[in-house]
Amino acid sequence: MSATAVHPPVHASPQAPDLSSSARWSQSLDIANTAFASVLLFCLMASSHYVLREPAPYDLMMVATAGMLFMLGLRIPAGVALPFGLMALVLCGYMIGGTNARYIDLSITFLQTSTYLTLTFAFYTAVVAASPDRALKALWGGYILAGLCAAFLGIGGYLGFIPGSDILLGAGRAKALFEDPNVYGPFLVPPTIYAIWRMTTRGVGPAVFFWGPIATILVLGLFLSFSRGAWLHMMLSAGAFAVLAGMAPETRGQRGRIVMIAMLLGVMLTLAIGWAISIPEVRELLEQRLGLQSYDTKQGGRFSGQFEALKMAMLNPFGIGPNNWGMIAAQDTHNVYLNVFVGGGFLSLVGLVGAFGLTVVRGFRYAMTGPRRGVFIVAFASFIGLIAEAIIIDINHWRHLYLLMGMMWGLMLAAPPAAHTRR
């Protein structure tokens, strides 16, 4: 009887998931830490100084950049759920208030823009959390370039150095390629604070011959906007930066440098601004802008209009729909908190104040002990001045508000830097 060959049982080997080559490639790629992502982020911010029309080039770049990076593996960190949820409350209030809107088309357009900008906050948080050092270098590099372009256009347009400069002015004030001088001026504050920070942490040569002139150009451009809100924003942000950097210095000599650079900038700015106001038209406009305007105090002006908006908000706790009060009262609120309150009711107001308050509380803690507290303090100080300026102007749709919040939350959610990158 012949022996029958006994074969060992054959076990099916586990099969790899059926992934396409592109899916496997995107899973293995840390997209945020690539030169490709850095170039996209730099170009995105470099385009942010042109906002004459909407959608602006920045908005088209944002959709393309965020879409590509998310498709290639970028993920939103779970830790952003709380601030994002609070900002989503603002949108929910808008939707509820929109059911009572007299001008429903205006509410829909405003809600769409607000939703898009809230999503940009999530994008910036994600990309900074995934690659804080590379992402921030690209974002701030592009922002500095955009700020310089805006400042040069504003200065050149105001002084008549650029042909066809009417497009660069608004009511005789510099606005560059923004719709309003009151948006152009605040846009220049964060890159100015960044330049000042670099002056406190770099050698004497770069501080005096590179970052010093950049800061001076930016501040001169800001000054020529003749925006009282922008001036206040700059003073508050610079003061907040000096206090926070002094409380938690990155280097042993940073406190002394802050004092020295403040004196140096004071001299440079005095010379630059002194030259500017030697022009009669500049001096006359400055005298006008330093006092209360007639539209602030007259009957039916800014302050009385805000009181009427507050009464309307209290009578309609669920809101009257975003972007409706300006049409009903024939003037805007010029106060973002009141604007949100009257448009989206208590729900939107709680969401906005909660998001801002949470960012300030968590941000202050990080500014004192965080591993990248230097660049964080730049964004945090700029944010402090911005939400203070929001008391006198509507900042709902200012794109750099969501950039600053995304930078801060991205840093707070990022992993600590590697040992060799620490100062």
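1. A search of the whole structure, which is a predicted model, turns up 1 cavity of 30 Å³ or more. The largest cavity holds about 170 Å³ of space. Its lining consists of 16 residues, and those closest to its centre are Met87, Val90, Leu352, Asn396 and Tyr402.

2. Four helices each give at least two residues to the lining of the largest cavity: helix 4 (81-98), helix 5 (104-130), helix 16 (336-369) and helix 18 (399-413). Sorted by class, this lining has 12 nonpolar and 4 polar residues, and no charged ones.

3. The largest pocket has a volume of about 1200 Å³. Among the 50 residues lining this pocket, Asp180, Val183, Ile393, Asp394 and Trp398 are the closest to its centre. The lining divides into 19 nonpolar, 19 polar and 12 charged residues.

4. Helices that each supply at least two residues to the lining of the largest pocket include helix 7 (181-187), helix 10 (228-247), helix 14 (302-315), helix 16 and helix 18. Helix 5 provides the largest share of that lining, 4 residues.

5. Helix 16 deserves a separate look. Its 34 residues would reach 50 Å as a straight helix at 1.5 Å a residue, but the end C-alpha atoms are only 31 Å apart. At Gly344, helix 16 bends by about 135°.

6. At the start of helix 16, Asn335 places a side-chain oxygen within 2.9 Å of the backbone nitrogen of Tyr337. Helix 16 supplies at least two residues to the lining of the largest cavity and at least two to that of the largest pocket.

Conventions:
Residues are numbered from 1 along each chain as its sequence is written. This is a predicted model: local features need pLDDT of at least 70, side-chain atom pairs count only at pLDDT 80 or more; totals for chains, interfaces and linings use all residues. Side-chain values use heavy atoms; hydrogens and water are left out. On a 1 Å grid over the protein atoms alone, a cavity is a set of points where a 1.4 Å probe fits but cannot get out, and a pocket is an open set with protein on both sides within 12 Å along at least five of seven lines; lining residues have an atom within 4 Å of a point. Grid points are joined across faces, edges and corners, and a volume is the space filled by probe spheres set on the points. Ala, Val, Leu, Ile, Met, Phe, Trp, Tyr, Cys and Pro count as nonpolar, Asp, Glu, Lys and Arg as charged, and the others, Gly among them, as polar. The expected span of a helix is 1.5 Å times one less than its number of residues. The bend at a residue is the angle between axes fitted to the seven residues ending there and the seven starting there. A polar contact is a pair of N or O atoms within 3.5 Å; within protein, one must be able to donate a hydrogen and the other to accept it, and residues adjacent in sequence count only if both atoms are side-chain atoms.
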